[in-house]
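Dear colleague,

I am handing over the structure below, and my notes on it follow directly after it. Please read them with the model open beside you.

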Amino acid sequence: MDIAPPTTMPAWVAAAARRGEIRCVELPVPVPGPDDLLVKVRVCGVCRTDLHVRDADLPPHRERVVPGHEAVGEVVAVGGRVAGPRMGSRVGIPWLRRTCGMCRYCLRGRENLCPSSLYTGWDADGGYAPYATVPASYAYELPAGYTDEELAPLLCAGIIGFRALSSADLPEGGLLGIYGFGASAHLTAQVALAQGAVVHVFTRSPAAQALALQLGAASASDPGTPPAELLDAAILFAPAGSLVPIALEALDSGGTLSIAGIHLTDIPPLDYQRHLFRERTVRTVAANTRQDGRDFLATAARHRLRARLTVYDFDDADRALDDLAEGRVSGAAVIRLQP
């Protein structure tokens, strides 16, 4: 016999007027709209974008928003117009929540650039709560063979890294540099290695360097250390604009730097000859399309990715964000909401 959800729930909110912190409050359990799923959240990944929402690096879109856009859970109610997924299905709630479907970007298959796009954990309440809604057509079916905790970081860190890797135009068997080595980077490195790339990692963290080598990177060193060979492509995951000229100088002729973050500190002046000449390219990654997510999750089904996890209880969600901000998380952080 199905048990109806409660009417209220504890939830962590980021208040626009209190930047730098999240607070646990009591909220009504959301009611799914006609095109929505109501998901009982079991785990939710902790993304650096949640920090940008908490700290107002991103302009607030709601006065009190529940962060979290890497949520994995069970469908417990469906709207009247939903054809699937079914009740009881395990689904993922991602960052991209809704697009208009009618603008020139959507019609060209570039819905990640839709000017009317909405995002979970920024425009609408996300997964730092026991229940969350998601439009059914934006929820993801999830690959088998992974635990809930392992799946959570795939839903943003994995998908964004996959798009960044695709945007980097890495040739087959090429040399890839990865700057910063957190949740997204350590998953992206595994995809690149599975595709035959040689991966060099640049990070200041000794723990992250050790993890990179454990996962198969050819080298792991400080970002200020030039690579032994010029790179065919590079991805910048660290939100540090100061690394842009360093990564560009490490590129071979015709190489591409893909910048994966939604937020970046100021970029220092670039020297045309040192950093850009000989057809070096800089690209940025703006969210993702749903097809990116489907393609990445299909890749994750074929190649078993190893997510390095630090798991926190729901009551410690604020500490998880603090640990991420202070560089105390190796790999990905995940909040467990259900036993």
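Arg-319 and Asp-323 both belong to helix H10 (residues 317-325), where they stand four residues apart, about one turn of the helix; helices here are DSSP runs of H or I with at least four residues, strands are runs of E with at least two, and both are numbered from the N terminus. The two side chains form a salt bridge whose closest N and O atoms are 3.7 Å apart, the term meaning a side-chain nitrogen of Lys or Arg within 4 Å of a carboxyl oxygen of Asp or Glu. Asp-323 is buried, with a relative accessible area of 10%, whereas Arg-319 counts as partly exposed at 41% (buried is under 20% relative accessible area, exposed over 50% and partly exposed in between, with a 1.4 Å probe and protein chains only).

Please keep in mind that this is a predicted model, in which local features need pLDDT of at least 70 and side-chain atom pairs count only at pLDDT 80 or more, while totals for chains, interfaces and linings use all residues. Residues are numbered from 1 along each chain as its sequence is written, and side-chain values use heavy atoms, with hydrogens and water left out.

By the salt-bridge rule the count comes to 17. One of them joins Asp-125 and Arg-62 at 3.2 Å, N to O, and this pair links distant parts of the chain, 63 residues apart, with Asp-125 in the loop between strands S8 (118-119) and S9 (131-135) and Arg-62 in the loop between helix H1 (48-54) and strand S4 (64-65). Another is formed by Arg-274 and Glu-249, with their closest N and O atoms 2.8 Å apart; Arg-274 lies in helix H8 (residues 272-276) and Glu-249 in helix H7 (residues 243-249), so the pair ties together parts that are 25 residues apart in sequence. Salt bridges also link Arg-42, Glu-74, Arg-90 and Asp-148 in a network.

Turning to the strands, there is an open sheet of six, in the order S13-S12-S11-S14-S15-S16 with parallel pairing, where two strands pair if DSSP finds at least two bridges between them. Its edge strands, each pairing on one side only, are S13 (219-221) and S16 (281-284). Strand S15 (residues 251-259) runs parallel to S16 and is joined to it by four bridges, and the bridge partner of Ser-258 in S16 is Arg-283.
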